[in-house]
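The questions below go through one structure, a step at a time. Please have the sequence and the model open while reading.

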Amino acid sequence: MNAEMILFFIFGAVSLIGAIAVISFRHPIYSALSLIVTFFAQAGLFVLLGAHFVAAVQVIVYAGAIMVLFLFVIMLLNLGTLSEKGALTGKLKGVATVLGILLAIQGIYIAVNALNNTEVGSVEAQEKAAALAENPIETYDIGKLLFSEYLLPFEVTSLILLAALIGVIVLVKRENQTEN
Amino acid sequence: MFLGLEYYLVLSALLFTIGVIGVLIRRNAIIIFMCIELMLNAANLAFVAISRDLGQVEGQLFVFFVMAVAAAEVAIGLAIIVSVFKHRETINVDEVNSLKG
């Protein structure tokens, strides 16, 4: 048990508990707060993986901006425990859970077995890992690649954000016109 | 020595599954949205883990793009939820059935 393993199990357990809490709480506010816990635990996992930039963006964009948007809407609409009328009854819920567990088994099977066919764990991979430990991926590398080879996708991303911005304005504006 | 890739992939698969179960069993549109975020995050975790394993930067770049798209999606989705709530006074996805889906 090295330090990475201990931290992995702590962060992993916290993120799993948070995720289960998201789908268990009846009140959306509690779900949103549990989701923030999950995001922070995942930021910890990213740090553990050496992805410091991604961890920072995770906290700033996800746990910060996106979750504030969620909480803002929940409070704006004053959603208490909303009626879950038509929510799946006990039997169907059981079916959904069983199907989910099947999906989880598939995912775990792929995660564990697909690696057998790849070079993971081979001597080359171990050499690569050793080389990576000496030269970990840094924010510098991400920036360099983002603004050279992936410049076009980066610009397209800004267009997507612009389209979202305009879309939201149009959605809200049309509401006002129908009211007048 | 690093912790094996399979640990991270299994965790990612479990988080993704919890997101799928949430979408299946909950009827509140906002909570369904949160479950979609959960699934996107599980995919991000797999991206970063594999990125480290292969020693390639691209995995982390894709996480960046996924986050940008997720931000746009949340903004639009929540705007739609707000306008649906204004019209129907509910965001229960079973009661919002004008499209007969």
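Q: Where is F85(B) placed?
A: This is a predicted model, in which local features need pLDDT of at least 70 and side-chain atom pairs count only at pLDDT 80 or more, while totals for chains, interfaces and linings use all residues. Residues are numbered from 1 along each chain as its sequence is written, and chains are lettered from A and ligands numbered from 1 in the order in which they are written. Helices here are DSSP runs of H or I with at least four residues, strands are E runs of at least two, and both are numbered from the N terminus. On that basis, F85(B) belongs to helix α3 of chain B.

Q: Is F85(B) buried or exposed?
A: A residue is buried if 20 or more other C-beta atoms, placed from the backbone, lie within 10 Å of its own, exposed if 12 or fewer, and partly exposed in between. F85(B) has 20 C-beta neighbours inside 10 Å, so it counts as buried.

Q: Which residues are in contact with F85(B), leaving aside its neighbours within four places in sequence?
A: Two residues are in contact if their C-beta atoms, placed from the backbone, lie within 7 Å. With sequence neighbours within four places left aside, the partners of F85(B) are L77(A) and I91(B).

Q: What length does α3(B) reach from its first C-alpha to its last?
A: The expected span of a helix is 1.5 Å times one less than its number of residues. Helix α3(B) covers residues 58–88, has 31 residues and is expected to span 45 Å. Just after α3(B), E89(B) takes a positive phi of about 60°.

Q: Which helix gives the largest share of the side of chain B that touches chain A?
A: The contact takes 62 residues from chain B and 73 residues from chain A. On the chain B side, α1 (5–25), α2 (29–54) and α3 each supply at least two residues. The largest share of that side, 22 residues, comes from α3(B).

Q: How are α1(A) and α1(B) oriented to each other?
A: Axes are lines fitted to C-alpha atoms, for helices over the stretch in contact, and angles run from 0 to 180 degrees between N-to-C directions. Angles under 35 degrees count as roughly parallel, over 145 as roughly antiparallel, 65 to 115 as roughly perpendicular and the rest as oblique. The axes of α1(A), residues 3–24, and α1(B) come within 9 Å and cross at roughly 5°. That makes the two helices α1(A) and α1(B) roughly parallel.

Q: How are α2(A) and α3(A) oriented to each other?
A: The axes of α2(A) and α3(A) come within 8 Å and cross at roughly 175°. The pair α2(A) and α3(A) is therefore roughly antiparallel.

Q: Which residues of chain A does V48(B) touch?
A: Residues up to four places away in sequence are not counted. V48(B) touches G59(B), Q60(B) and V63(B), and from chain A F46(A), L49(A), A51(A) and V54(A).
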